[in-house]
Amino acid sequence: MNDMLFGLILAGFFAGLMDAAVGGGGLLQIPALFGLLPNSTPIASVLGVNKFASFSGTAMAATQFARKVSLPWKMLLPAAVVAFAASYIGAKLAASVPVQYMKPAMLVIMLLMFVYTFVKKDLGQAVRDTALTQREYYLGIACGAAIGLYDGILGPGTGSLLAFIFVRFFAYDFLTATASAKIINLTTNLAALSFFIPNGHIVWVWAIPLAVANFSGGFVGSWLAVRGGTKFLRVGFMCLLAVLIGKFGWDTYS
């Protein structure tokens, strides 16, 4: 039991750090949970514990970013509300959506994102100092709905997709894009918890220490992101995309 708890805390800390700095913490935390928790643990409980911890780490990262980075709140807040509703709907639809077709599509999208980011050396390096247009405002809300729905149905790569959208279509630097993505992620995690908690899918004796570790990792990760700046985040973003491409490729072809 002590070894399992130590493993959970270690995995939670590094997942929170990774997620706050560049995203993709679930790629580390979910496999760790399946490996550390008893084999008899229902899948819904594993996912519930993961979401509770992820929410804690994302909340810490979002708070730190909001204090240190100027965010487009006028667009982010309605987009977050729409993402919350879409994520909840996605969770309800998850059982009836053919996920086997989504993963190959996501693999292609990730490959295109990687190539585009690699070719465009200056992508996400300049700080935007102009206000959003009306068209961008509505585009942000539409993206919140689409990403929220995807997060509810499947999940992996949500933060990366959001960050890329904010960089490519809104001309934000990677720091602002990463910070903005955390606000949307926070609401999609909350939407999942609004399903997992009432249905008793969270084992609190595991979820609370994992959440504390994820919270601590989120603090360190957001500090690294702000200190490292846009160049650090661009490299981290591309490394994360490479990992996601490998995962989706393995899931698709194995």
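A disulfide is a pair of cysteine sulfur atoms within 2.5 Å. By that rule the count here is zero disulfides. Keep this in mind when you select the cysteines later.

Before you click on anything, note that this is a predicted model, in which local features need pLDDT of at least 70, side-chain atom pairs count only at pLDDT 80 or more, and totals for chains, interfaces and linings use all residues. Residues are numbered from 1 along each chain as its sequence is written, and side-chain values use heavy atoms, with hydrogens and water left out.

**Stop 1: the whole protein**

Show everything as a cartoon. You will find nine helices and zero strands; helices (H or I, at least four residues) and strands (E, at least two) are DSSP runs, numbered from the N terminus. The radius of gyration is 17 Å, close to the 18 Å that the globule rule gives for 254 residues, so the protein is as compact as a globular protein of that length. That radius is taken over C-alpha atoms, and the globule rule is 2.2 Å times the number of residues to the power 0.38. Along its principal axes, the C-alpha trace spans about 50 × 40 × 35 Å.

The protein exposes about 11900 Å², with carbon and sulfur atoms supplying 70% of it; accessible areas come from the Shrake-Rupley method with a 1.4 Å probe, and for residues only the protein chains shown count as cover. Of the 254 residues, 50% count as buried. Buried means under 20% relative accessible area, exposed over 50%, and partly exposed in between (1.4 Å probe, protein chains only).

**Stop 2: helix α1**

Select residues 2-21, which form helix α1. At 1.5 Å a residue, its 20 residues should span 28 Å, and the end C-alpha atoms are 29 Å apart, which agrees. The expected span is 1.5 Å times one less than the number of residues. Buried residues in α1 include Met 4, Leu 8, Ala 11 and Ala 15. An α-helix has 3.6 residues a turn, so residues three or four places apart point the same way. What covers the buried residues of α1? Look for α2 (26-36), α3, α8 (174-196) and α9 (204-253), which are among the cover. Just after α1, Gly 23 takes a positive phi of about 100°.

**Stop 3: Lys 51**

Move to helix α3 (residues 43-68) and pick Lys 51. Is Lys 51 buried or exposed? Lys 51 is buried, with a relative accessible area of 16%. A polar contact of 3.1 Å joins the side chains of Lys 51 and Asn 189. Such a contact is a pair of N or O atoms within 3.5 Å; within protein, one must be able to donate a hydrogen and the other to accept it, and residues adjacent in sequence count only if both atoms are side-chain atoms. Leaving aside neighbours within four places in sequence, Lys 51 is in contact (heavy atoms within 4.5 Å) with Asp 151, Asn 189, Ala 192, Leu 193 and Phe 196.

**Stop 4: Asn 39 and Phe 118**

Asn 39 sits in the loop between α2 and α3 and is exposed, at 78% relative accessible area. Phe 118, in helix α5 (residues 99-119), is partly exposed at 47%.

**Stop 5**

Finish with Cys 143, buried at 15% relative accessible area, and Cys 239, partly exposed at 47%.
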